Amino acid sequence: MTRLTVGWLYPDLMNIYGDRGNILTLLKRTKWRGYETQLIELPRGVTEGMDDVDVFFFGGGQDREQSLVYEDLLEHKQPLIERAVASGSMILAVCGGYQLLGHHYRTADGHEFPGIGLIDVHTDAGPGRMIGDVVVDIEGLGLDPPNLVGFENHSGRTFLGSKAAPLGRVRVGSGNNGEDGTEGCVQGAVIGTYLHGSLLPKNPQLADHLIGRALRRRGVESLSALDDAVELDAHARILERERQRRGPAARQRSR
Ligand code: GLN
């Protein structure tokens, strides 16, 4: 029986603004297609089973929580994550998790947490927090609908290096840094984003992108369709609400 294994990095510390919903969505959408699933929790310390992981999830966390996990990430997780990614595992990282997969996260009070440099991004906290609903137009992943909706709350400003491509462009919200209009990043098997909410329940097309890519190494060529009427209705309501909020100009923009 084909099985999808989800690896949850630091579920006790890096899990805010409904991030747990991403785990439930990955497991449920896989089960609904008749595949087996397994969830491996990966707290601090030496952990077993990372080679089996098909999709890693790394949630968000305040500066305090990030200060409690970054050394463990470097010491115990980095080599195993790199090996798993090299063998086809996918990673979805949100906010604080996204930041620690990059080169560094520097807090507003000047503490620097080195990241594992798996993605070519760096993050420096700026004055004030970027908080609110976000709508992102997606480039390059072939998603339908080609946009994501979610919620952001971060002080970090993330800048992409030449090896990382933006996940998309913000239509609403600040995204990576509130300056260059980009949101998140895609580099190889890693997708980083500032979107909490949680992200995947209202964006099933991204969940299926991760599940589909991850199950390829288990010999699954394509995923069967699911009835996403409820999920896509929730998605569409957020888009409509944002259109209403931004008035006539926004209503020009279809979808
Ligand atoms: N502590 C980080 C920041 O403020 C990440 C916050 C988060 O994960 N929501 O930018």
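**Helices, core and ligand site of a predicted model**

The buried residues of helix α4 are Pro 204, Gln 205, Leu 206, Ala 207, Asp 208, His 209, Leu 210, Ile 211, Gly 212, Ala 214 and Leu 215. Because 11 of its 12 residues are buried, α4 is largely enclosed by the rest of the structure.

Within α1, the buried residues are Gly 21, Asn 22, Ile 23, Thr 25, Leu 26, Leu 27, Arg 29 and Thr 30. Neighbours within four places in sequence aside, Asp 228 is in contact with Arg 29 and Pro 204, and Pro 204 is itself among the buried residues of α4. Asp 228 counts as buried because its relative accessible area is 13%, below the 20% limit.

The interior comes next. In soluble globular proteins, nonpolar side chains tend to be buried together. In this model, the largest nonpolar core has 65 residues, and Phe 58, Ile 81, Ile 91 and Leu 206 touch the most other members. Of these, Leu 206 is one of the buried residues of α4. Apart from this core lies another, of 5 residues, among them Val 135, Val 149, Val 172 and Ile 238.

What surrounds Ile 91? Leaving aside neighbours within four places in sequence, Ile 91 is in contact with Phe 56, Ile 81, Val 85, Leu 101, Leu 118, Ala 189, Val 190, Ile 191 and Leu 210. Leu 210 is another of the buried residues of α4. Phe 56, for its part, lies in strand β3, residues 55-58, and is buried, with a relative accessible area of 0%. With neighbours within four places in sequence again set aside, the contacts of Phe 56 are Gly 7, Leu 9, Leu 42, Met 50, Ala 84, Ser 89, Met 90, Ile 91 and Leu 92. Phe 56 and His 209 are 153 residues apart in sequence, while their C-alpha atoms are 14 Å apart in space.

The ligand has 17 residues around it, and those that come nearest are Gly 61, Asp 63, Gln 66, Cys 95 and Gly 156. A polar side-chain atom of Gln 66 lies 2.8 Å from a nitrogen atom of the ligand. His 196 also places a polar side-chain atom by a ligand nitrogen, at 3.1 Å. From Gly 156, a backbone N or O atom lies 2.9 Å from an oxygen atom of the ligand. On its own the ligand has 300 Å² of accessible area, and the protein covers 100% of it.

Gly 156 leads on to Asn 176, which touches it. Asn 176 lies in the loop between β9 (168-172) and β10 (182-183). Is this residue buried or exposed? Asn 176 counts as buried because its relative accessibility is 0%. The side chain of Asn 176 makes a polar contact with that of Thr 182, at 2.8 Å. Besides Gly 156 and Thr 182, residues touched by Asn 176 include Tyr 98, Met 130, His 154, Arg 157, Thr 158, Leu 160, Glu 183, Gly 184 and Tyr 194, with residues up to four places away in sequence not counted.

Some backbone details in the loops complete the picture. A cis peptide bond, with omega near 0°, runs from Asp 144 to Pro 145. Pro 145 lies in the loop between β7 (121-138) and β8 (147-160). Gly 197 and Ser 198 are also joined by a cis peptide bond, with omega about 15°, and Ser 198 lies in the loop between β12 (190-193) and α4. In the loop between β1 (3-9) and α1, Tyr 10 has a positive phi, near 50°. Tyr 17 is placed in the loop between β1 and α1, and its phi is near 50°. Tyr 10 is buried, at 0% relative accessibility, whereas Tyr 17 is partly exposed, with a relative accessible area of 29%.

Methods
Residues numbered from 1 in each chain as written. Predicted model: local features only at pLDDT ≥ 70, side-chain atom pairs only at ≥ 80, totals over all residues. Heavy atoms only, no water. Buried < 20%, exposed > 50% of the residue type's maximum accessible area, 1.4 Å probe, protein only. Helix = DSSP H or I, 4+ residues; strand = E, 2+ residues; numbered from the N terminus. Polar contact = N/O pair within 3.5 Å; in protein donor to acceptor, adjacent residues only side chain to side chain. Contact = heavy atoms within 4.5 Å. Near = heavy atom within 4 Å. Areas by Shrake-Rupley, 256 points an atom, 1.4 Å probe, with all protein chains shown as cover. Core = buried A, V, L, I, M, F, W, Y, C linked by side-chain atoms within 4.5 Å.
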